Amino acid sequence: MGRHSQKASDLWKGHPWKKLRQNLFRLQKRLYKAVRDGDLRKARSLQKLIMKSRSAQLLAIRQVTQLNKGKRTPGIDGKTSLTYQQRLKLLEQLNRFGSDWKHNGLREVPIAKKNGKTRMLKIPTIADRAWQCLVKFALEPAHEATFHAWSYGFRTGRSSHDAQKHVFDHLNSRNNGITKRVIELDIKKCFDRISHSSIMDRLLAPSSIKQGIFRCLKAGVNPEFPEQGTPQGGVVSPLLANVALNGIESLHPSIRYADDMVIFLKPKDDAQKVLDKVKGFLAERGMEISEEKTKITHSTDGFDFLGWRFRVQKNGKFRSIPSADNLRTIKKKIKAVVNNSNYGAKVKAQKLAPIIRGWRNYHRNCKMDGSRNSLWFTSHRAFKVFLKEKKINRYEAERLVKKAFPGVKYKENKHIKVRGTKSPYDGDLMYWSERNSKLYDNATSKALKKQNHCCGHCGHRLLSDEVVHLHHVDGNHDNWNPRNLMAIHQSCHQYTHSSQKDT
């Protein structure tokens, strides 16, 4: 590493990240409150302040270059990562041109869909992603103050488990779920058809941000539909979709997760009237219902939503289990690891453990017993494959399977749903940090409780805007002694392993 590179590295790593986070969060709380109070002039002023804030600019660059899952995905310029010097140069770009950003073109990546068709993922450059992240910091708190309580997808502080509990609340025996029907609503090519004007009209932002968002939308435009679509793959795209669709939930008791929606019908409700209302709402935004995919289903017949199969049994009891598609996907992932001849049983067990723990954590509020949901046949097959290897006896194979298929406790429908329209930007730190600890499994949850819901590295509250990692203090990932485990921010985890290369 050259002298200049070392200097840039020290300068980047030396930033007081937690102080920067506090500075940004303080501005976002004020913005949220201004919109809740109806003071839009003050809100726009705070949004300009966030765009000019060095704290926000640095955090946006760090988010897209270090923390996001797609940080290595190249844009149209082919760049997969930025050096420390390039990050600091990008910081100056955001500072100088943030209020008049010229958006580059998007790299198109075809993604296969379940029905055999493909959809286009449109990926911005790293610089454009950083600008979009900065804009998201300024837009999200403003719109969180207006979003409907029954919307859960791509919103800070909310998860698919909240949506799962919302379905339970509407279909359990206390609410006569056995008598209800549901409309499984499918919006035809939702992200490709959202009208640009419907987004721009509803955007709470100063003209400089609106201009940048308009350029961003035009960069990913389909020549056939020049006035429609928000590019899938952008940092700010899910937020823009939520802005356009916000309010559809108030037409009838329902639940929305991004563009997936389920509407609950009582016996006296007229399904066609409800659908006509929805069609009118969508038409204003340039969208329409997919007639062939939208279904009206009785609750006792069951329906799939967010990877779960929901059904009310004949005795009136509500039940949710992993859906057939979801189960097929996890088995395919396990099979790919188990059948891989490039590594042995011990490595396979290490690779399988996080996959299966993550899957079981996702379904921890379902009924997970029985051979189907417990993956008994899949684990038994893994055992037989492990047993065929040299130097692996029956006892060792059993031990490795136990390690590869870690158990996660499940409790049906026990998740505590987010309260009303609450948002992390409301400043109720105790509520959000305690709630956050319940989103994690046993070891992480216990560590959070022991640390009073604070990061073991920096001491700041663990909120829902950043993933919590479980750090093994002695570096031994097989040592699960509670005294060796520490719950810390994802970014703090990176810096505790400073001897490793920057990720």
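Author: D100 is partly exposed, at 34% relative accessibility.

A word on the source. This is a predicted model, with residues numbered from 1 along each chain as its sequence is written. Local features need pLDDT of at least 70, side-chain atom pairs count only at pLDDT 80 or more, totals for chains, interfaces and linings use all residues, and side-chain values use heavy atoms, without hydrogens and water.

Now the pair itself. The side chains of D100 and R215 meet in a salt bridge, 3.0 Å from N to O. A salt bridge here is a side-chain nitrogen of Lys or Arg within 4 Å of a carboxyl oxygen of Asp or Glu. The two residues come from distant parts of the chain, 115 residues apart. D100 sits in the loop between α5 and β1 (107–112), while R215 belongs to helix α10 (residues 207–219). Helices (H or I, at least four residues) and strands (E, at least two) are DSSP runs, numbered from the N terminus.

How many salt bridges does the rule give? The count is 18. One of them joins R54 and E92, with closest N and O atoms 3.1 Å apart. R54 is partly exposed, at 42%. E92 counts as partly exposed as well, at 35%.

Next comes R155 with E144. Their closest N and O atoms are 2.9 Å apart. R155 is in the loop between α6 and α7 (160–171), E144 is in helix α6, and 11 residues separate them. Are they buried or exposed? Both R155 and E144 are buried. Back to the opening pair: salt bridges that share partners join D100, K102 and R215 into one network.

What about nonpolar side chains? The largest nonpolar core has 75 residues, and L139, L203, I213 and L282 touch the most other members. Such a core is a set of buried Ala, Val, Leu, Ile, Met, Phe, Trp, Tyr and Cys residues joined through side-chain atoms within 4.5 Å. Helix α6 (residues 126–144) gives the most to this core, with 10 residues. Apart from it lies another core, of 43 residues, including L327, I330, M368 and Y431. Leaving aside neighbours within four places in sequence, L282 is in contact (heavy atoms within 4.5 Å) with I187, L245, I248, M287, E288 and I289.

Finally, confidence. The pLDDT, the predictor's confidence in each residue from 0 to 100, averages 86 over the protein chain. At least 70 is reached by 92% of the residues. Take care with residues 499–503, where the pLDDT is below 50. Beyond near neighbours in sequence, that stretch has 9 contacts in the model.

Notes. Buried means under 20% relative accessible area, exposed over 50%, partly exposed in between (1.4 Å probe, protein chains only).
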